[in-house]
Amino acid sequence: MSLAVRVIPCLDVDAGRVVKGVHFENLRDAGDPVELAAEYYRQGADELTFLDVTASSSHRQTMVDVVSRTAEQIFIPLTVGGGVRAPEDVDSLLRCGADKVGVNTAAINDPTLIGRVAERFGNQVLVLSVDARREQGERHTQSGFEVTTMGGRKSTGIDAIWWVKRAQELGAGEILLNSMDADGTQQGFDLEMIKAVRKEVKIPIIASGGAGKAADFPPAIEAGADAVLAASIFHYGKVTIGEVKDAIKAAGYTVR
């Protein structure tokens, strides 16, 4: 595990606007990702993740503008994912202020993308986003966890544990592990899945999906996560970044 646990809010951005509802009374425009990013920076977020849910080439310039405006205001690492299909996409995002870039579907379709990005920009730049869930009914994977795409709607038949091991070999710098079973439930992270991935990889794991309260975060770290990511509970003001850090610290872990 890295020395200090990182707490990372995630913003879903569609055509330059934050998608999930945000409830901060002091924001003039809760749909503006730049203003919201600045608010999380003030709260003490260690990093920030933008997910471009439109991710079409027609909106790529919109996201580039959002990233460049955000990078002028916040001074913590910024990861951008969604629609990254080639090293050229990574290049444009890094040039406008992103520190790291998330890849998901494009790497499944062409695993060589991981190595090409890592070789050109360094593996610290590449975050492999994995949307995994438990298989229902007949099992097709050894681990019972399979990789999905399309927000969990489409099965790939790929074993999630095999995939993270392969991604590490190819040059991924971090794994953003999103449990599609836990996502949106606010019942806690998928600890079994985190443990299964931790057994197989040495690179940092960012746990995502399922956080509902501050007390949900320390067990994810205990299971092997180096960082914890959440969206709705931060956006709706259910918990603050500070409260999450207090809970992690109280459990005996170091926070920044």
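I started with Phe-75 and found it exposed, at 61% relative accessibility. The model is predicted, and I kept that in mind throughout.

**Aromatic pairs**

I looked up the aromatic pairs next; the structure holds 5. The one I examined joins Tyr-41 and Phe-75: the ring centres are 6.0 Å apart and the planes stand at 70 degrees, so I noted the pair as edge-to-face. Over 60 degrees is what that label requires.

Where do Tyr-41 and Phe-75 lie? I placed Tyr-41 in helix α1 (residues 33-43). Phe-75 sits in the loop between α2 (60-71) and β4 (78-81). The pair therefore ties together parts that are 34 residues apart in sequence. I also checked the accessibility of Tyr-41, which is partly exposed at 32% relative accessible area.

I then noted one aromatic cluster, formed by Tyr-40, Phe-189, Phe-217 and Phe-234.

**Helix α10**

I moved on to α10, residues 241-250. Which of its residues are buried? I listed Ile-241, Val-244, Lys-245 and Ile-248. They cover an arc of only 95 degrees around the axis, which puts them on the same side of α10.

On the face turned away from the buried side, I found the exposed residues Asp-246 and Ala-250.

I asked what covers the buried residues of α10. The cover includes β1 (6-14), α1, α8 (217-223), β11 (227-230) and α9 (232-235).

Last, I looked just past the helix.

Conventions: Residues are numbered from 1 along each chain as its sequence is written. This is a predicted model: local features need pLDDT of at least 70, side-chain atom pairs count only at pLDDT 80 or more; totals for chains, interfaces and linings use all residues. Side-chain values use heavy atoms; hydrogens and water are left out. Rings of Phe, Tyr and Trp (its six-membered ring) pair if their centres lie within 6.5 Å; planes under 30 degrees apart count as stacked, over 60 as edge-to-face and the rest as tilted. Helices (H or I, at least four residues) and strands (E, at least two) are DSSP runs, numbered from the N terminus. Buried means under 20% relative accessible area, exposed over 50%, partly exposed in between (1.4 Å probe, protein chains only). The arc is that of the directions from the helix axis to the C-beta atoms. Contact means heavy atoms within 4.5 Å.
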